[in-house]
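Me: I'm new to reading protein structures. Could you walk me through this one, feature by feature?

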Amino acid sequence: MCLERPRTATNVGHTGYYLTMHSVTVELGVASTMELVNALSAIATELATRDAPESAAACLELTETLAAAADMQESALAGFIGRVDATGEQQRWGYPSTQAWLRSRLGMRDNRAKEHLTLARQRHRLPQVCAQLASGDLSFGYATTVADSVARLDDTDCTEAETTLLGFVDQGFSAGKVAAFGRRIRDLIAERDDTEAAPDEDTKRGYAKSWLTTTRSLDGGRYVKGWLNPEDAAIFDGTLAPLAKPAGPDDRRDLSERTAAALSSVLSGGHKATKVTVICDLDTLTGGNAPARLTDGTPIPAPQARRIALAAGVSPLLLGRGNTPLYLGHRERFASAAQRQVLETLYPTCAVRECETPGTLCEVDHVNGWALGHSPTDIDQLALTCGWHNRFKHTRPDQIHITKEQDGRYVYRLLPPPDVRGATGPPGGIGPSDSTLDWAA
């Protein structure tokens with residue numbers, strides 16, 4: 001169905017409401033889902049081009065009406081996202097997880113993507129929330145708050161918590177208050193199940209020095225609480241933050257759980273690449289003011305960079321100078337430690353444009369593949385890709401378009417599956433122009 005910029009008229013007939021467009025009539029009662037979405041998109045396009053009315057009172061009323069309509073659309077969106085997530089369709093398009101698809105393709109920030117995904121995954125356990133959201137009686141903000149509150153509860157507790165939290169909504173409590181009630185419900189369930197609560201907040205200390213306290217629990221665990229000053233925080237972030245990223249599309253742990261696992265890995269020596277690397281000019285280390293950065297792109301002021309260098313050491317990055325071999329020719333299959341260090345400065349994240357996996361967690365990829373005598377392990381023939389996209393590139397090369405930037409960095413761009421974009425895509429991973437890359441934007 002092709003819709004031009006619509007000139008709409010709303011009519012009421014014996015079969016119900018329908019919208020008459022410039023050349024297409026969409027009868028709401030019998031239209032397909034695709035026709036309804038296309039009609040809604042056309043109306044939104046027209047509405048977005050119009051100036052707001054002069055009357056502030058009219059704008060207030062229009063805002064409330066439009067926001068309510070948008071919330072009802074979120075009900076349908078949750079259903080769509082839930083189906084994509086359940087079937088793993090996003091992987092066929094080159095995205096390792098549904099959240100990565102929402103961030104990259106729909107431009108959502110991480111928290112927003114997490115809200116949509118949580119609601120999509122919990123909606124089958126929240127019949128009251130879904131019914132009220134679809135009817136316009138519940139806002140998206142309240143719906144996601146309830147969904148997040150019950151995400152870790154079993155089905156029985158979920159049902160009771162849903163009714164309780166919706167009762168607080170009916171009483172007029174804000175979404176923030178309902179979220180607090182949700183946390184309290186979780187605490188009560190933990191108390192019921194004899195799960196020990198966390199200790200009280202420690203007395204606040206100064207901010208100049210780092211401090212850490214630990215308290216052993218009755219079951220042999222340990223509570224950890226503390227404060228890191230800016231220098232120690234930079235080391236903490238540079239070491240643990242990359243390791244705390246989701247391990248893949250099936251990693252359902254939250255950030256707190258992933259951070260704990262990353263710390264355990266470092267303390268046990270399970271991750272050997274934990275040395276902090278500060279990338280900076282020599283002048284910075286000798287008193288200059290030019291800022292430095294960590295390998296993930298985090299900026300570090302020059303004074304902090306010098307303090308970190310004294311505490312943790314700075315690994316020199318030799319870009320072909322000195323005695324460190326950066327060009328190993330055809331004899332070596334694996335990149336050297338020095339080559340990987342250079343690649344991590346070029347690739348803060350995976351070479352795939354849409355992927356946010358930190359470079360420190362990526363694998364070294366031979367851009368043109370590796371075969372003895374045909375593809376050298378040279379620094380200008382290597383890139384960093386996450387494990388998922390490394391496998392995706394070699395199993396579906398026709399869905400990767402590779403270009404090389406002026407700074408020597410390779411950029412991998414995802415292409416739609418061949419059965420979706422047609423049989424016109426070029427072979428060998430060399431794709432069309434960016435206009436084609438945005439096929440389904």
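Reply: Arg50 counts as exposed because its relative accessibility is 56%. Buried means under 20% relative accessible area, exposed means over 50%, and partly exposed is in between, with a 1.4 Å probe and protein chains only. Before we go on: this is a predicted model, where local features need pLDDT of at least 70, side-chain atom pairs count only at pLDDT 80 or more, and totals for chains, interfaces and linings use all residues. Residues are numbered from 1 along each chain as its sequence is written, and side-chain values use heavy atoms, with hydrogens and water left out.

Me: How many residues are there in the protein, and what percentage of them is buried?

Reply: The protein has 441 residues, and 34% of them are buried. It has 17 helices and 12 strands. Those are DSSP runs numbered from the N terminus: helices are H or I with at least four residues, strands are E with at least two.

Me: Which residue forms a salt bridge with Arg50?

Reply: A salt bridge is a side-chain nitrogen of Lys or Arg within 4 Å of a carboxyl oxygen of Asp or Glu. Arg50 pairs with Glu46, and their closest N and O atoms are 3.3 Å apart. By this rule the count comes to 13 salt bridges.

Me: Where do Arg112 and Glu74 sit in the chain?

Reply: Let's take the bridge itself, then the places. The side chains of Arg112 and Glu74 meet in a salt bridge at 3.5 Å, N to O. This pair links distant parts of the chain, with Arg112 in helix H5 (residues 110-122) and Glu74 in helix H2 (residues 56-87), 38 residues apart. Arg112 counts as partly exposed because its relative accessibility is 36%, while Glu74 is buried at 13%.

Me: What about Glu354: buried or exposed?

Reply: Glu354 is buried, with a relative accessible area of 13%. Glu354 forms a salt bridge with Arg353, where the closest N and O atoms are 3.9 Å apart. Arg353 is partly exposed at 43%. Elsewhere, salt bridges that share partners join Glu74, Arg112 and Glu115 into one network.

Me: How should I read two packed helices?

Reply: Two packed helices are described by the angle between their axes and the distance between the axes. The axes are lines fitted to C-alpha atoms, for helices over the stretch in contact, and angles run from 0 to 180 degrees between N-to-C directions. Here, H7 (residues 140-150) and H9 (residues 175-192) pack at about 10°, with axes 9 Å apart. That makes H7 roughly parallel to H9. Angles under 35 degrees count as roughly parallel, over 145 as roughly antiparallel, 65 to 115 as roughly perpendicular and the rest as oblique.

Me: Which helix is oblique to H2?

Reply: That's H4. H2 and H4 (residues 98-105) pack at an angle of about 130°, with their axes 10 Å apart. Ile81, Val84 and Asp85 in H2 meet Thr98, Trp101 and Leu102 in H4, where contact means heavy atoms within 4.5 Å.

Me: Where does Ser97 lie?

Reply: Ser97 is in the loop between helix H3 (89-92) and H4. Ser97 is buried, with a relative accessible area of 16%. Leaving aside neighbours within four places in sequence, Ser97 touches Gln90 and Pro249. Ser97 and Pro249 are 152 residues apart in sequence, yet 4.2 Å apart in space, C-alpha to C-alpha.
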